[in-house]
Every structure is written in C-alpha cells, then in structure tokens.
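Please keep the sequence and the structure in view while reading.

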Protein chains: 2
Amino acid sequence: MIYFDNAATTWPKPEEVYRAVEDAMRNFGGNPGRSGHRMALAAARLVYEARETLAEFFNAESPTNIVFTMNATDALNTAIKGVLKPGDHVITTSMEHNSVARPIFALTKSGVEWDIVRCGTDGSLDPDDVVKAIKPNTRLIAITHASNVTGTIMPVGEIGKIARERGILLLVDAAQSAGVLDIDVQGMNIDLLAFPGHKGLYGPQGTGGLYVREGLQLTPIRQGGTGSFSEELEQPEILPDRLECGTLNTPGIAGLAAGVDFVKKKGLKNIRYHEEQLTQRFLEGLKEIDGVTVYGPEKAADRCAVISLNFNNLDSAELAYLLDSRFDIQVRPGLHCSPLAHRTLGTEDRGTVRFSFSVFNTVEEIDRALEALREISLSSR
Amino acid sequence: MIYFDNAATTWPKPEEVYRAVEDAMRNFGGNPGRSGHRMALAAARLVYEARETLAEFFNAESPTNIVFTMNATDALNTAIKGVLKPGDHVITTSMEHNSVARPIFALTKSGVEWDIVRCGTDGSLDPDDVVKAIKPNTRLIAITHASNVTGTIMPVGEIGKIARERGILLLVDAAQSAGVLDIDVQGMNIDLLAFPGHKGLYGPQGTGGLYVREGLQLTPIRQGGTGSFSEELEQPEILPDRLECGTLNTPGIAGLAAGVDFVKKKGLKNIRYHEEQLTQRFLEGLKEIDGVTVYGPEKAADRCAVISLNFNNLDSAELAYLLDSRFDIQVRPGLHCSPLAHRTLGTEDRGTVRFSFSVFNTVEEIDRALEALREISLSSR
C-alpha cells in the first residue's frame, strides 16, 4: 500500500510514538495535575516535558504558552473565539480551511465583520492585499501557513510584520506546516499558532495545541476543573489552565512529544528537503502525462508536499477510487474541507485529487504513482 | 503500589485497551470520515462501531446520538453552552464539579440565571427541593449522577420524570457513574449525558462523549471541518457532525470501545457488586479507627466506590503524602475540583482525602489501606 494522504494525518508514525503512547498508558496512568501522588506527578511531569519540547520547537517564550487541545480545529476555535468580540473585524485569505472559515462564519452572526482576501489561482497571497483590507477595527488576521489543497506557502513573516506594526493579532494555522517548515513564533510575530499533533509532528490522532503569546489573555470557550484554584468558580487566569480543562490526553501527548523528538532528530531541514525532492519529482513527472491539470505553485520550493490535480473530465472521487482499488494508492479526493480554496482554484464543482507526502514516503512510491497515472491516462484514451 | 485514585482516572486499564490503541495507530491510521480510501474507511468503521457500542451501552436511539469529545468536561461544556441562552434558568445541585459549575458561572455573565439546590451534608439530594427551584424560564437541570467527593448517588430517575413532565431538559454528568451504575438514557428521561472515557469505562485518557437525545438541536461551541457538506460554511445540522469537528482521537476511541466491551463482558452488575463490597468493607473498617471522619452516605449501596475522609486535625495533603510515601497508597487530597461539594460537607477549608476504587482493586488492598490508617492513627497519638 502507498499512503499519500499525509495532509489528513501522517501514517505510519515513528516506532517511538507507538511506544511512548503505550508506555504512558501502562506506566504513567495517573491524572496529570490532579493529585500529589507519585503516578499523578509522573504524568504531570510527562505533560510538562511535552510542553517544554513544543515550546522549544516553536521558540515560544515558555512551556506555559503551549496549550494542549483535541486537534488543530479545537485550537483554532479557542484562538478565534478567544479574541474576537462583536464589532471586531477579521481578515483571512481565500485559501482557508473550514476549521478557520466555519468558526468565523458563526461569529459573523453576532456582529463580527469578516473580509476574505482573494489569493491567486495558484493559492498565492499578495501581502499588499492584506494591507488594503485592514480597517480601524481589524483585530485579527488569520491565515494558513500552507494550503491543505495546493500546499502553497503563505508569506507569514511579511504578514507578521504588517500585523505587529499595526497592533493587529496574527493567528497562523500550521495544520500543514508544523514539522515541515521552520516556525519561530517570536521571530515571525505570530501571536497565536494552532497546530495539529498528528500530521507533520507525527503524534497520534487526538492531539494538537495552541501557542498563545505571553501576556495575551483569551476568553476561554470551555471552563472546568483544572486542578488549580479549585475554590474559584472563575476559570483561572494563568496559562495553560485558562484554556485547558478536564483530563488531558496524556498518552496522546506522550506520543506527540515523541513525534516532535523524532522530527528534531531527523532535522526539520532534512525532512523538508526530502519532501521537496518528492514533490519536485512528482510535479515533473506529471507534466509528461496527458490530461493532467496540476493546481498550485509550479516549483516545489513554493509549497508543502501537497499536490492537487485533476484528470481530463474524470470525477475526483472516481480517480481516487481507481488509484486505491487498482494500484493500492491512497489519496484524498473532493473539497478537503476547504470550499473557499476550491473556489479560488475554480475547482469547486468536482474538487481535486490530493496527493500528500510524509518523511516516510520514497522516490519509488512517487514513481509508482506516476506509472499508475500514466496507465490510467493511456486506458482512458 | 496501591492505586486508589480511580475517580480521577482508572488505572490500570484492561490489556485489551492497550492493544486496541496500538492496533488503531498501527493498522487503522487513516483519518476517519476524511476520504474514501481503504485505511480512512477502516478508521471510520472503527469509530462508527465505537458509537454503536456506546449507544447500545447507554440505550441511545442510534449511534449518531453519541458525540465524541476530548473528555467529560468538553462534553459538559458542549451540552451546557449548546442549550442555555441569555434569560434561561438552570438548576444544579450543590454537589457539582467545577466542570459543571464553571461553565454555568461563565454564562451567568451573559444573563443566564442559576440556582443551586442545597444537598444534605452527606451529599444527598431531595427531589422536592429541585421541584421548588423550578421557574417558568427553567430550561435545564444539570446534575451529577454520583458525587466525585462522597460518591453519593443522586435520584436521577426521579429528577428525569420531574424534568420531562415540565418540558425541562436534563443533563447528567456521568463522570463517576458511567461503567458502574446502570444508565438507560431513554428509560431515565435523560436528554444529555456527559461521560468520560477514561474512568469507569476503562478507555484511555483523552476520550469522552456526549449523548444527545434524538431531535435536540444544540448550538455548537466549535465549528470546523467535518468531511461532510464541505461546501457549506454553516456547521452541518446532522449529528454527530454538528458537534464533532477536526480529526477525532481514533486510537483513543478504539481503546474506549475496548474498555466498554470489557465492562460488558465483566457485567455492569458484577463490577458494581465488587466495588460495593470493597466500599462496604472499607467503610466498616474505618469505623474502628480513632480520629477518622467519613463523609457521605453510611451505606455503600447509596454511593459509588468513592470515600472521602479526614483524620483528626491532619491536613488532607499531609495524610495523602503519608499514605503515598510510607505505604505506597495513592489517593487524592484537597478539593477535587468541587468547591461547591466541599462547602456542602463543611470541608472547604482543608478538603478531604479521597479513596476511590475500580474493578481491579482487591479486598487485600482495602485491608492494607485500613492497616496503614490504623498505624497512622496510633503513631499520631
């Protein structure tokens, strides 16, 4: 089987991740932060070390600026609803995932204003268009770091400068970039960074997090027990307790920390280089196949390892089915939960077929996929 | 080591649970509901079967009435904020956990009215007091099924009748009861049931869920990608998609399903009998130890396997530390995230030391704990 659906969730995970999850369940089974006995403390330590690992990875001010969530969507909701109030204005791009678009759309019903900056047909964003969209009441710019449909890398550093100069908050959706592109939240002026644990960081599903800039106070979407300030009915003000409540996913977090350690060990640059090579090879191969339309930037350097394409007039689901059933290649067809992006590409009617690679994919797999597409092309003449 | 902190999270988990989590990570690593390829479908099937297992376990109308959440706190927030609007009135007991009290307290700032029905000093609730608290604008009654401090079992069946007759919604917090007490959501007129996955259901941490009665439409606290109706910016109306977004904790859910299967196989009645026996033995033994004050109902039949106590004038944290360091017994001191309950018991100043048992605890462990307390009692004279 060739697994090319890594933009949805990476698979396989490193062996260390499987082992860390099991070890946490078997040997660190206490409830972190909920008691002083040894197994609860051991679990709390494990969670704290994971915070340290992630804080260092993203260059956060301190481990307490990392909040663990259920997934990136939960993190994005926490960020968006944590800062936007009725009367506030928010700017996004036209390449956003529904995990950004749907929470903002919900807020527009209670008086939040939303402007969508149109990207190019390859998904690229012109920072000047963001500047033009800014209004006196703009509170937040929310952008994806890399499109989940075309892989297009957004100019986050430039947008960060624009936002910081004007006192506007910047939320970055790192769903496709965390673990692949270099992210320095302080250096890039990122106020809020939402990341999944189970994609490029190679943690298990059910993990994710939100970096919150030091001093930024969010209104929580959830309240509950934190194991701290228990006598107060008010949710604690300190981070991460303000935004974390109830029992954490300790085994998942252990797995996520092991995943980040794996990425650090491999080296972000090496991972990126490998994935870029695969992407470049695939893009070049696709050029030689009749009937293929590729979306997104031409050069692999301008995108993550995510390639969307269509094939003559074939329905995207049909092509994906052919690849799965005849060639054992697993890809994802359709809209990828990103209707705005598909409108930008002009593919809202049939979607696209998305190929997405991880560090575990190989040149041989790329070549087999190209071969499969060539065969489909020939047989469909 | 003797682990008596099962009310925080059960440990150990059954072997089947560890294996199910690992199997899901290694062999069902696709993103459920996010594509049509075989591994994504296998993951989706695994999640659907877990829904079926839980729906049958709680006698829900259908698997789609089970919504997976991060933990019970997340489920309680989803329920409470999903139904209460400004101007609505909500009734709780004085034994609620902060996972109920804090979200409601947050809503009082935007015009939700809240009345707390005072329980007896053993934590018991008189249904007549609930009736007296009902007002024309009462929209919700939210009660715990069993106190996490004293184990006191609440008359949920009676409250269910009272609520249903008056068209008021009933939310039950099953944090301590799921997997121990019989829960039939239809038979007990429960509209919303929040449950953790990692306590009496023996799933891993990071799991929980919310049962939502058929036809009850909640306002979601989160929006995002669902893999369904992707072209719409409006969160889908169908369950569970309306309340679930982003990637689910597939390995955790696999483990939770294995945990519920374990409970079914053991038999809820047998589990309850075992835990009741342990509780009764512990309660009887405690009577013979000088200086111990036990809180909650006298009879084990009136409580879950949760016992709170204090010891002369000893601080609860100090007693817990002694038990851990000298006798390798792990318990939880303090307020247990339930200040309202401790105010009801009159223990808000120093909290209590909580012992809580699971199906894996033994009579021998109970006797060793009693022996330890006896030694502490003798040495503190």
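Which residues in helix 1 of chain B meet residues in helix 7 of chain B? In this predicted model, helix 1 of chain B contributes Glu16(B), Val17(B), Ala20(B), Val21(B), Ala24(B) and Met25(B). Their partners in helix 7 of chain B are Thr250(B), Pro251(B), Ala254(B), Gly255(B), Ala258(B), Gly259(B) and Phe262(B). By type, the residues of this contact comprise nine nonpolar, three polar and one charged.

Two packed helices are described by the angle between their axes and the distance between the axes. Helix 1 of chain B spans residues 15-27 and helix 7 of chain B spans residues 250-266; their axes come within 8 Å and cross at roughly 150°. Because angles over 145 degrees count as roughly antiparallel, helix 1 of chain B and helix 7 of chain B are roughly antiparallel to each other. The crossing of helix 1 of chain B past helix 7 of chain B is right-handed.

| Domain | Residues |
|---|---|
| Domain 1 of chain A | 2-9 + 267-379 |
| Domain 2 of chain A | 15-266 |

The C-alpha centres of domain 1 of chain A and domain 2 of chain A are 27 Å apart. To their contact, domain 1 of chain A gives 35 residues and domain 2 of chain A gives 37 residues. Between them the two domains of chain A bury about 2800 Å², with 59% of this area on carbon and sulfur atoms. On the side of domain 1 of chain A, the residues that lose the most area to domain 2 of chain A are Leu268(A), Leu340(A) and Thr344(A), which together account for 23% of what that side buries.

Terms used:
Residues are numbered from 1 along each chain as its sequence is written. Chains are lettered from A and ligands numbered from 1 in the order in which they are written. This is a predicted model: local features need pLDDT of at least 70, side-chain atom pairs count only at pLDDT 80 or more; totals for chains, interfaces and linings use all residues. Side-chain values use heavy atoms; hydrogens and water are left out. Axes are lines fitted to C-alpha atoms, for helices over the stretch in contact, and angles run from 0 to 180 degrees between N-to-C directions. Helices (H or I, at least four residues) and strands (E, at least two) are DSSP runs, numbered from the N terminus. Angles under 35 degrees count as roughly parallel, over 145 as roughly antiparallel, 65 to 115 as roughly perpendicular and the rest as oblique. A crossing is left-handed if the near helix is turned anticlockwise from the far one by less than a right angle, and right-handed if clockwise. Contact means heavy atoms within 4.5 Å. Ala, Val, Leu, Ile, Met, Phe, Trp, Tyr, Cys and Pro count as nonpolar, Asp, Glu, Lys and Arg as charged, and the others, Gly among them, as polar. Domain bounds come from an automatic or database domain assignment. Buried area is the accessible area (1.4 Å probe) that two parts lose on being put together, summed over both.
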